[in-house]
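Okay, thanks everyone, I'll keep this short. Have a look at the structure on the screen, and then I'll walk you through the parts I picked out.

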Amino acid sequence: MVVFTFPRKIIIQSGILNDLTEILENENIQNALFVTDDFLYNLLGKKLKLEKFSLFKDVKPEPSVDDIERAFQNLKEKNFDAIIALGGGSVIDFSKSLALKFSYPDYNLRELNPFENIKLKIKLIAIPTTFSGSDVSFAVVLSDKNKKLPMGNYSLVPLIDIVDPEIMPKNEDLIRSTGVDAFVTAIEAIVSNTSNILTDALAEKSIRIVYDNLKDAMDNNENARENLTIASIMAGLAFSNSGSGLVHCLGHSFGSTFHIMHGTSVGLFLPYVIEFNVKHEETRKKYERISGILDSNIEKLVEKILEFFREIKQPVRVRDLNINEKIYLEKLDEMVEKAAMDSELAFNPFFVSNDDIRELFIRALG
Ligand SMILES: [Fe+2]
C-alpha cells in the first residue's frame, strides 16, 4: 500500500507574509490564532497585520506536552476557526498539537499515533521560517519530562503551507545547512525501506536541484535561493512519506550532543553511511540510481559527494568542527545509545547493530 499525504495547497511566493488576507478570505477564516515565538514575533511581527488575529507568542524550543496543555487551558474559551503557525519545527509541532486539543479537548497528546481516525475541527496553516519539513508532514515531536516523543497522524498535515522565500534563512551557514539537509534527506528518502515511486520522484529531482543551486544560493543568488526552497519542500514531502535512515540517526545524536546544526551534522555522516550501506545488494541499486542523478557512477559516488561538500565547505570529518577527540570519544557510548534509539533507524534497509553505529562514529573522526 502507498499512502501519500501532503498539504492541500503549497503557496510559494516572496513577500506573501505582508498580506495573508486573500488566503484567509478564500478559506473563509474569520477568527485565527497566530502562533509563534518571541524572537520571530519581534523580527516579523510588523509584517503581520495583527489586528486581524489573536496572538500566542510563547512557544519555546522543543515544546512539551505540559506547555501545550497550559496554553490550551488559557485559550480554550476562544472560538478559533484556524491556527496559523509561523516558525520552525517547534512552533509548527506546537500548533499541530494545539489544533488537536481544540478539536478534542480531552485528548491525551502522549497517545497520539498514526492509526487513529482524527478529524481536526480547526484549520491548520503553516508558514515555515526554517526547513524542518514539519510544514508538509504528519509528524509531531514533543517532549515530555526530558523524553522525546516522536509521533504523528495524517490529519495533522497542515491544510495550507505558505512559503515565503524572503523570510527563509539568508546567512551563508544556514543556507548551507539547509541545502545539505535537503540533499541528505532526499538521498535517505530513496534509500529508505518504505520509499515508493511517488517519494522517489520528488527526492530524485530535489537532489539535483540542490546540487545545481546550493553554491549560488550561498552566494545570495536569489533565483538559486528560491530553487533551493522548492527543493527543500520536495525533500520534506519525500521523507515525510517514506522516512529517512541511518544518516539522520547519527546526525541527530551527534548534533544534539555537540550542539551542531542539523544539516551540518547529517552531511558529516553521509559519506560514511553510503560506504557502509552500499554492501547491501538492493541498496546498492538505489545508490547506483543516485549516482546517475549526479552524473557519476557507483564507484565514484562518495568521491563526487565529497567534492561537492568541499566546494560548499561542508565538513566531512568531526575534526573539521574543532571538536576535541578525547571529549568525542568520552561521549561515544552516549551517542551510540541515542542513535540506536532513534525511530528513523527502522527505515534503514537492513539491520544496524550498536557496534556498526560505534564504528561509523569512529570512522567519522577522520
Ligand atoms: Fe533532515
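Before I start on linings, a word on classes: Ala, Val, Leu, Ile, Met, Phe, Trp, Tyr, Cys and Pro count as nonpolar, Asp, Glu, Lys and Arg as charged, and the others, Gly among them, as polar. Also, keep in mind that this is a predicted model.

Let's do the cavities. How many of 30 Å³ or more are there? The count comes to two.

Now the largest cavity, which holds about 60 Å³ of space. Around this one we have Leu17, Asn18, Asp19, Leu20 and Thr21, and then Lys47, Leu48, Lys49, Lys52 and Phe53. Here the classes divide into four nonpolar, two polar and four charged.

Okay, on to the metal. What holds the iron ion? Asp181 coordinates it through OD, while His248 and His262 each use NE2, and the distances run from 2.1 to 2.3 Å. If you like patterns, the donors follow D-x66-H-x13-H along the chain. Asp181 sits in helix α5 and His248 in helix α8, residues 246-258, so to speak a link between distant parts of the chain, 67 residues apart.

Asp181 comes out at 11%, so it counts as buried. His248 is at 5%, so that one is buried as well.

Last stop, helix α4, residues 89-103. With 15 residues at 1.5 Å a residue, α4 should span 21 Å, and its end C-alpha atoms are 21 Å apart, so the two agree. Why do we call α4 largely enclosed by the rest of the structure? Because 14 of its 15 residues are buried.

That's my tour, so over to you for questions.

Definitions and conventions. Residues are numbered from 1 along each chain as its sequence is written. This is a predicted model: local features need pLDDT of at least 70, side-chain atom pairs count only at pLDDT 80 or more; totals for chains, interfaces and linings use all residues. Side-chain values use heavy atoms; hydrogens and water are left out. On a 1 Å grid over the protein atoms alone, a cavity is a set of points where a 1.4 Å probe fits but cannot get out, and a pocket is an open set with protein on both sides within 12 Å along at least five of seven lines; lining residues have an atom within 4 Å of a point. Grid points are joined across faces, edges and corners, and a volume is the space filled by probe spheres set on the points. Donors are N, O and S atoms within 2.8 Å of the metal (3.2 Å for Na, K and Ca); water is not among the atoms, so sites may look incomplete. Helices (H or I, at least four residues) and strands (E, at least two) are DSSP runs, numbered from the N terminus. Buried means under 20% relative accessible area, exposed over 50%, partly exposed in between (1.4 Å probe, protein chains only). The expected span of a helix is 1.5 Å times one less than its number of residues.
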